[in-house]
Each structure stands twice: as structure tokens, then as C-alpha cells.
Amino acid sequence: MSKRKSEMADKDQKKKLKETTTTTTTTNTDDESTKTTTNTTLTAEEWIPKKEKYSERYYQILEKRKDLPVWKQKEEFIEKIKSTQVLILVGETGSGKTTQIPQFVCDAGLVKPGTMVGVTQPRRVAATSVAKRVSEEMDYELGQEVGYSIRFEELSSPKTFMKYLTDGMLLRESMNDPLLSKYSVIILDEAHERTLSTDILFGLIKDVIKKRKDLKLIVMSATLESGKFQKYFDNAPLIKVPGRLHKVEIFYTPEPERDYLDAAIRTVINIHEDEDDGDILVFLTGEEEIEDTCAKIQRECRNRNLKPMKTLPLYSSLPIFQQSKIFDTYKERKCIVSTNIAETSLTIDGIVYVVDPGFSKQKTYNPRSRVESLLVAPISKASSNQRAGRAGRTRPGKCFRLYTEAAFKKLEPQTHPEILRSNLSAIILQLLRLGVVDLVHFDFMDPPVPETLMRALEVLHYLGALDDEGNITKVGEIMSEFPLDPQLSKMLIASPEHNCSNEMLTIAAMLSVPNVFVRPKDSREDADAAKKAFDHFDGDHLTLLNVYHAFKQEKEDQTWCYDNFLNHRSIKQADSVRSQLARIMTKFKLPLLSGDINSRAYYNSIKKCLVAGFFMQVAKCEKKNQYFTLGDEQSVIFHPSTGLSRKPEWVIYNEFVLTNQQYIRTLTEVKFEWLVEACPDYFNQGGFPKKSKDAIDRSKRLMR
Ligand code: CDP
Ligand code: MG
């Protein structure tokens, strides 16, 4: 077909789709059984079209695909999934689960015209990069037949029949479409990761499949917790895809390493000098550390006059055009420096050497102190073995563990499910919105401790999302519509009252994207000086507002960003997030207002509005630099990134950061009166510990 002709055919199909595809869901509240009818005149072939002629690349990839372990069980898989509603599939990382199984599902004719197969991924990078890969495998343009959806970014079309999405996004979709009627098949991938959203989806979908007998569910996992999944889903059948790992030789350090970053760099250089060809994969914990290490490895190579090596970073906020570089082939040896993403979510071929310092960033939550933080912590044995496995995909490999064998033996067998280590207020608000009222009896695979549930309900109550009986309020309903933490959505809802919705939208958006300030290792002073120009006297939230305003004034200029050490991509993203949030505001008739920037009240109303959401994240000055957080009474200092140079009596903070020190980050000065005004109930309750109570009482007396 000529290009033009195929474009025409394309148009025809689109038109037809518009005219004829209607998906209706009828919910009958009297009756437990609910029907989903897909009313379409499209045939299966029209919905999932076969091309007359595929590109050369298609056939090249097809040959490779046919080599993947899951292809040996394609017939078995199709037969099984046709005869069951739920199927568990377990297979070694790289066996082809994520990329091939959704295509098999299509081949089996299980995706009804007008509907989709939805594949969840715990990580954004995995969702986007796998969608891109699969659209290439099927010879489509990304975003047409095969699409993706991650928070604040959706790429799909009316033609999309296969969608990769983060588990959080599917959870969100289920809020407006509880029966998930757009899907014929749902695949919960990477189930072994046991993320909070996946765990909640388990419970919700277990219920949906009772009501929708036409919906199929496939649970895919890389490790052998399959027994637990099978039991949870009423003994669903299991398919095991045998791995085809080559031998991986494991090396330990004889003594514990003092600095794992130094050790990692040293090990990479040693491999590059002494070992045969083959790519290297290094596991580190976060973006900054990774970018830094890549630069250091490069420098070391130059200093020692070694052969060139291609170092490539990999972390969750990496933009899609940079992701593909990881999968490209190069003349030089590749060294990929990655977070946990490369542990099971993404398979990179050609890795022969793995460097594993044994740490990852993990969420922890202490319901008593209400502190949720991301901590660099030792990985589990299961993780450690997964990491080693990455070295043996294509040929025998080596894994260098930067810890002793004794330390390995002491690792926890498995990482605890996230639901046991998270603040649950956002997720519980979503559940309540979905009508799951009886949280205690919700079918959790691993139920969270009651104290964590209680804490979450308490926070939602103070934010006005729940009434005294624990029912969701109108405010709560609107809050649940924003893809944000409850504090931020509350702040947005309160913003029209404070006459600053435009400003709050900007602040919420700027807080929802990767850090907008760039601070390169070799020009830190210049970067800090550049940031000073934006710093607001009252604090960091207002600094973010300044940056956004300046960005707009400079017509979003890229060079201007570069010169001012600002991340252009982040601010652009914030801009897009901002418009999405504005649409939600408009949908709920929340007016978009601004005060007069020249009036004295301008910044005060913004700060008061911040307090409306963050009155529970407040710290009080104790002496000099020392603060304590109200309620949980953690001793904290300002994060060095803050532009707040004063030490006001009260500050609100966006984040509690725990490294070698306890920090609060993104700070703004507030007045005690505003706190009490924002939520009298909270500040009048008797439940505060002594130090907090004394501080509140003293400030109240001063108020009078
Ligand atoms: O999900 P599972 O770990 O079982 O495997 P997969 O992600 O489906 O990967 C199967 C193959 O696709 C691997 O050999 C990958 O190298 C390849 N792949 C790729 O080339 N590019 C991607 N973005 C994703 C996968
Ligand atoms: Mg996978």
C-alpha cells in the first residue's frame, strides 16, 4: 500500500470507529450481576488489523522474539487462558512476559472489538519504554494501536487496543469506571513487587471478576511467590516459564566497604581493564547518585587512558528519548548505572557483569510518628539474587557483590510489601470514593496494621475529606479526583477562598515534577548563585512560583533555563501538569483566581492557602537551627537546599527527608494563627504529646 493510501485507510478506520464503537456499561444496583455490553460493528480483524506488508525491521525483531522462552509455551498459554478467568504466570526476568504475553492475548482473540488489553507496570519508565518496544515489535506507531498512560501523561488514540499503564493509573481509572469496562483482559505485571497500588488492585479486581465473567485477569511475576497468588485467587491455574539462565559466578568483598559509591566505581574500572567484552550493569539508589557516578566513571576512564566506555544512566524520571539509548548497541562497552528498575522491570540484553552494592531506596512508614520517608536500605536476598541473574541472560556472567558473604546471609529473605510500609491516606481516600467502606474487611493480600489505617482515616478527617461518621464528604470526593496527595488537593480546593487558585496550581504542579533546579557537581557555586536570584524571602514554595513566573516571562526559553541552572524539561512538564490540574478545577467549578501581585495581601493569602493543606506538616523552632515537627516531635534541621535564610518560629514543610540527618525540605514561614484557623479541631485536640502541647498552648496564649 502506498503511504497515501494507507493514510486514507487509516482515516476511514478512524471515522468508522467514531461512528460505530460505543461501549456501554449498565450497572444494576438491585442485582449483583452487572453486564458490560460492547456494542460495535467492527470485526475482530478490523479492531486488531493485520498488515498486508510489514517492515523489514518487523521480521528482524520477530526472529528474536521467537527465541524468547515464553514462545515455547504460546499454545499452552492460549489454551489455558481461554479456559480460565484468572491465570498466574511466573517466569524469569527477560523470558518475554511483559512484551509477548499481551500480544499472545491478542492472537488468541481475547480482546473484543472496541476494548483493550491493559498491562500494569509499577514503574513509569517500564510502562513507557515497553509500550515503545511493543509498538515497534507490532510495526505500529507508538500511541496509536499500542499506547501508554502514566500520571500526567497519556499517549493513546481511539484505535488503541493495548495499553501499558502504571498500576496507579489503572487504580485511578477504576474510580470513574469501577468495572473497568474498557478492558477485556487485564494483566497485573511485576506482581512480585507488591507495590501499594498493585496490592489494592488485587482486591478490587478480585471483586470485579465476580461481576464481569467476560473479564480475564493474568497475574505475572518474576519470582516464586506464585503459591501465594494462586491461593489468593481461589487456586487459579499456574503456568511456569522455565528460565534459561547461564551460570553467574558470584564474588563477595572480603571486608565490608566503607563507601559503596567509591567501591562501585573502582569495580567498574577493574572490570573494564581486566575482563573480557560484555556490558556492565551497576545498581545504585537514585538519580543524583547515578548521574554523578556516570560522570566519575567517565573521568576515571580518561585519566587512566582506558578504552572508551559508554556510560548510560537509568532512573524513573528519565525522558523517553533517553531511555531508548539504553537498548541501542554501541561499538564501545556499555555501562548502565541504574536504580532498581533494571532488577526485574526492564531487561537489557548483553549484560555480562553486574555490580551490586546491596542497597536501594525504600519507603518506610512509622504510623506512630506519622513519618513516611525514602531510605537507602539494604536489599533483600531475593533482590540480590535477581540482580545477579541479570548477568547471565545471554552468556555466563559475573556478579560483584560489594558486601561480604556473611552480610548476604543476614539479608531479609523478601522485601516487605509496600502496603506495610506506606502512609495510606491517599489510597484510602480512593477506596472510600470507590465505595469500599468496610476497610477492615477489604480483601488485602497482606492487611496493613490497624494503626496505619487509623492514622490514614484521621488525616483524612482533619483535611475535611471525611465527616464525623467516617463517610466521604463532598470535599473528599473532589480531593480524590486530583492525582495528588490529599494535602495538595485540599490546598487546591481551598484556593478560591483565598483568591489565589492560579498561584496554587503553579505550586502544586512545580511540586509534582522532578526538581527544577540543576546543580552540576563542577559548578555548584554558580548554580547556587543563580538560584538565589529566585529565592523568596518567605520560603521555597514561593520561590517555585517565582521560577515559573520568570519562565513564562522569558517565553519558556531553553537557553535562559540553561543559563539559570533550571531544568527546562521539568518546568515544561510542570506547565503541562498545571493545565491538567486546572481542567479538574474547572470541572468542579472551582474558579481560577489571582490577587493583585502588588498588594500586601498577595503573598499572605498564598501562604494561608498552603497552610490549608499542610497544617499537619509543621515544624516549630526549638533553638537556633534546631526544629521539631509538631505532633510526631522529630528533631529536624532545614535541608541545605532551602532558600529560607531566616529561622522563623513556625514553618510548614513539604517533605521529611532522612539521610545521615533528619531534614525537612521545601519550607515556608507561616503564622501560628493561620494554623489554628485552618483546622481548629486539629489544634484543639487533646492528643498531642507534651512538647507539642506546650508549644501550642504558649502560642495560643500569645494569640489572645
Ligand atoms: O517481562 P520479562 O522480564 O519476562 O521480559 P520482557 O520485558 O518481555 O523482555 C523480553 C525481551 O525483550 C528481552 O530480551 C529484552 O531485551 C527485549 N526488550 C527490548 O529489547 N526493549 C525493551 N524496551 C524491552 C524489552
Ligand atoms: Mg517484565
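How many salt bridges does the structure hold? Counting a salt bridge as a side-chain nitrogen of Lys or Arg within 4 Å of a carboxyl oxygen of Asp or Glu, the structure holds 47. This is a predicted model, in which local features need pLDDT of at least 70 and side-chain atom pairs count only at pLDDT 80 or more, while totals for chains, interfaces and linings use all residues. Side-chain values use heavy atoms, with hydrogens and water left out, and residues are numbered from 1 along each chain as its sequence is written.

One of the salt bridges joins Lys159 to Glu145, with 3.7 Å between the closest N and O atoms. The two residues are 14 apart and link distant parts of the chain: Lys159 sits in the loop between strands S6 (153–155) and S7 (162–166), and Glu145 in the loop between helix H6 (124–137) and strand S5 (146–150). Helices (H or I, at least four residues) and strands (E, at least two) are DSSP runs, numbered from the N terminus.

Helix H6 also takes part in the second largest pocket, giving six residues, the largest share of the lining. A pocket is an open set of points on a 1 Å grid over the protein atoms alone, with protein on both sides within 12 Å along at least five of seven lines; a cavity is a set where a 1.4 Å probe fits but cannot get out; lining residues have an atom within 4 Å of a point. The second largest pocket holds about 1300 Å³ of space, and of its 48 lining residues the closest to the centre are Arg133, Phe327, Thr347, Ile348 and Asp349. By class, this lining has eight nonpolar, 19 polar and 21 charged residues.

The whole structure has three cavities of 30 Å³ or more. The largest has a volume of about 60 Å³, and its lining includes Pro69, Glu92, Arg244 and Arg393. The second largest cavity has about 40 Å³, with Glu287, Tyr315 and Arg569 among its lining residues.

Strands S19 (residues 618–623) and S22 (residues 650–658) run antiparallel and are joined by three bridges, and Ala619 stands opposite Val651 in S22.

Definitions and conventions: Chains are lettered from A and ligands numbered from 1 in the order in which they are written. Two strands pair if DSSP finds at least two bridges between them. Grid points are joined across faces, edges and corners, and a volume is the space filled by probe spheres set on the points. Ala, Val, Leu, Ile, Met, Phe, Trp, Tyr, Cys and Pro count as nonpolar, Asp, Glu, Lys and Arg as charged, and the others, Gly among them, as polar.
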